[in-house]
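Subject: Structure for you to look at

Hi there,

Here is the structure I promised to pass on. Please open it next to this email and read the notes with it on screen.

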Amino acid sequence: MTSDVAQHNSTPCEGISYLTPLDFIRHFLANQDSGFILRPLPERTKGDTQMFSVTQEVTVRGSIADGRRPYIQLDRVHYTSPVLVELGNLIGEKLLVEIDEDDMRQVKAYLKNGAELGFLTAKGRWSTTKHSRRTRKAINSLMSKRVLAISEFDDPVRVYLAHLSMQQKQRSTSPLPRKQATNATRIAKEASLPLEIRTTSGAQRENSVGINQVAPTTPGRRSLMDKEPPVLRLVRNRK
């Protein structure tokens, strides 16, 4: 949709003397005597405006009989709010959600008649660290392939970044492959997290040391019995 608007704004139009809409606006902005007055956006609404949001229709899920409060699902993650959980009558109904694809921690919900329900927050640790829709889909893909195992107590974005920051090849000449390094840098910048490169070989060495320390050998350990059992002495005397 964004590309269609951009193409329209740069296409000459017969109704405005074969100027593009952008050239038409520039003409009146440059001509001080035209009487054209630019209407700026009110200051109080600038912070609430999302220039690159998308709208999607979703179904309210849940079950009153099973005790599952209303929620929606978006890209395999549940979203809800203190308002939505009290509206059991909306189960099975459609909502419109406004999605900021640069920050998937929450979405803004509306009824089909346009009434606003407010923000719905992602459940679990998905609401902790900022992440884009692209990152969400990448994490879901790795989870489906069982490359990543993420529990309900893990922060998915941090687990994913740690996966990208891990050097898989022990004899690699570069810290990370180019594509892996690019993705790791993007995620770190996106989530405002530090980027630390680690190696699997180093992790394996640490694990091996830990195992050796768990069960240390103790040469010269004294027996629990100070003297030989009488039966054992009899067997030796017979020989």
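Below are my notes on a sheet, a helix, a loop and some salt bridges.

A word on conventions before the details. This is a predicted model, in which local features need pLDDT of at least 70 and side-chain atom pairs count only at pLDDT 80 or more, while totals for chains, interfaces and linings use all residues. Residues are numbered from 1 along each chain as its sequence is written, and side-chain values use heavy atoms, with hydrogens and water left out.

**The sheet**

Seven strands make an open sheet in the order β1-β5-β6-β7-β4-β3-β2, and their pairing is antiparallel. At the edges are β1 (53–59) and β2 (61–63), each of which pairs on one side only. On average, neighbouring strands here are turned by 35° against each other, direction ignored; axes are lines fitted to C-alpha atoms, for helices over the stretch in contact, and angles run from 0 to 180 degrees between N-to-C directions. Strands are DSSP runs of E with at least two residues, helices are runs of H or I with at least four, and both are numbered from the N terminus. Two strands count as paired if DSSP finds at least two bridges between them.

**Helix α6**

Helix α6 (residues 178–191) has 14 residues and should span 20 Å at 1.5 Å a residue; its end C-alpha atoms are 20 Å apart, which agrees. The expected span is 1.5 Å times one less than the number of residues. Which residues of α6 are buried? They are Q180, N183, A184, I187, A188, E190 and A191, where buried means under 20% relative accessible area, exposed over 50%, and partly exposed in between (1.4 Å probe, protein chains only). These residues cover an arc of only 165° around the axis, which puts them on the same side of α6; the arc is that of the directions from the helix axis to the C-beta atoms. The buried residues pack against α4 (133–144), α5 (156–164) and β8 (166–167), with contact meaning heavy atoms within 4.5 Å. On the face turned away from the buried side are the exposed residues R178 and K189. Just after α6, S192 has a positive phi of about 55°.

D75 sits in the loop between β3 (68–74) and β4 (77–80) and R133 in helix α4, so the pair ties together parts that are 58 residues apart in sequence. Both D75 and R133 are buried.

The backbone of that loop deserves a look too. D75 has a positive phi of about 55° although it is not a glycine. R76, also placed in the loop between β3 and β4, has a positive phi of about 70° and is not a glycine either. R76 is exposed, with a relative accessible area of 55%.

Another salt bridge links D23 to R26, at 2.8 Å between the closest N and O atoms. Both residues lie in helix α2 (residues 21–30), three residues apart, about one turn of the helix.

Best wishes

Conventions
A salt bridge is a side-chain nitrogen of Lys or Arg within 4 Å of a carboxyl oxygen of Asp or Glu.
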